Amino acid sequence: MHKLLLRSLAGVTLGLLLVSVACSGPEPVAVPSFEVDPSLAPIGSPVEATLTFSVLPNASFDEEYAVFLHFLNDDGEVMWATDHYLPIPTTEWKPGETIAYTRPIMVPLCPYVGDANVHIGLYSVDSGTRLPLEGDEGGRLAYRVGGLRLLPPMENIRFSFISGWHLLEHDSTCVQWRWSEKVGVISFDNPRRDSQIYLNLDNGMVLGGEPRTLVVSVGDRPVVRIEVVPGNVVHQIPLGASLLGDTDSVELRLEVDRTIVPAEMPRLDNPDTRVLGVRVLGAYLAVATRE
């Protein structure tokens, strides 16, 4: 099962499955680079990653390729991976131009402190085939582009998945997640200050070719509507102190317009009969400092 749209239901990161996929094409198509801020990141916290692809003069692309990022420990083992589509599809890339973009990434709760090596690559969503790039190849067309030092986790507001959630799941790496039902409610202590919540979602499934919509509310007050798109996406949602109110705890409500049942989708060949909403890989609350 190679398609990025299907991988979230399998509970396996596609970038990891690609390790055994054959390579194709001898000519590199781009030079990748990676920067992260901050470069020292507590486990469980978000970071801002900037990815750059300098397109080589003879590059050409016959389809839209996706990006994988692998984060490896000192032993060369993949701790987690994050896949996503590019903001500018590869079919629109032109030789000689530079494609650069910044996106938040959530560091999962890995039992590891130290330097993480970052590998990057481009792959076909349809076939899983990887494209050759120009750089320090670490094997099977995954390229070393930098690092990130992981620190012990900082104290952060705890989240309770109080209703509308399936059991906690995990894959062969240190990634964990919960699937919601149509409505899932998360509770956390009220910081009573302007805050920003980071929600790490990874749900690429679409029905009938149409995207789904997630509405995030504080209590019964809608805050934001999110289009559920393919890939691993960290959403940054401002929560003002006035919105949080004066109660001791805050209930964050996540509701999708349409659920999915894998067993009812023949193309998945998946016996899972659960009613699924969105897959949440992590949450983090950044609270404004007092003046």
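Let's start at histidine 166. Leaving aside residues up to four places away in sequence, histidine 166 touches Arg178, Trp179, Ser180, Glu181, Arg274, Val275 and Leu276. Contact here means heavy atoms within 4.5 Å.

A quick word on the model. It is a predicted one, where local features need pLDDT of at least 70, side-chain atom pairs count only at pLDDT 80 or more, and totals for chains, interfaces and linings use all residues. Residues are numbered from 1 along each chain as its sequence is written, and side-chain values use heavy atoms, with hydrogens and water left out.

Back to histidine 166. It sits in the loop between strand 11 (159–165) and strand 12 (169–170). Strands are DSSP runs of E, at least two residues, numbered from the N terminus. Is histidine 166 buried or exposed? Its relative accessibility is 15%, so it counts as buried. The cut-offs: buried is under 20% relative accessible area, exposed is over 50%, and partly exposed is in between, with a 1.4 Å probe and protein chains only.

Next, strand 4. It covers residues 65–72, and eight of its eight residues are buried. On one side are Tyr65, Val67, Leu69 and Phe71; on the other, Ala66, Phe68, His70 and Leu72.

Which strands pair with strand 4? Strand 7 (residues 114–124) runs antiparallel to strand 4, joined by eight bridges. Leucine 72 faces asparagine 117 there. Strand 5 (residues 78–85) is also antiparallel to strand 4, over seven bridges. In that pairing, phenylalanine 68 has aspartate 83 as its bridge partner. Pairing takes at least two DSSP bridges between two strands. Strands 4 and 5 form a hairpin with five residues between them, and glycine 76 in the turn has a positive phi of about 80°.

Now the rings. Rings of Phe, Tyr and Trp (its six-membered ring) pair if their centres lie within 6.5 Å; planes under 30 degrees apart are stacked, over 60 edge-to-face, the rest tilted. The count is nine aromatic pairs. One of them is phenylalanine 61 with tyrosine 65, edge-to-face, at 6.5 Å centre to centre and 65° between the planes. Both residues are buried. Tyrosine 198 and tyrosine 284 have centres 6.4 Å apart and planes at 65°, so that pair is edge-to-face. It links distant parts of the chain: tyrosine 198 is in strand 14, tyrosine 284 in strand 19, 86 residues apart. Ring pairs also link Phe53, Phe61, Tyr65 and Trp93 into a cluster.

Methods: Helices (H or I, at least four residues) and strands (E, at least two) are DSSP runs, numbered from the N terminus.
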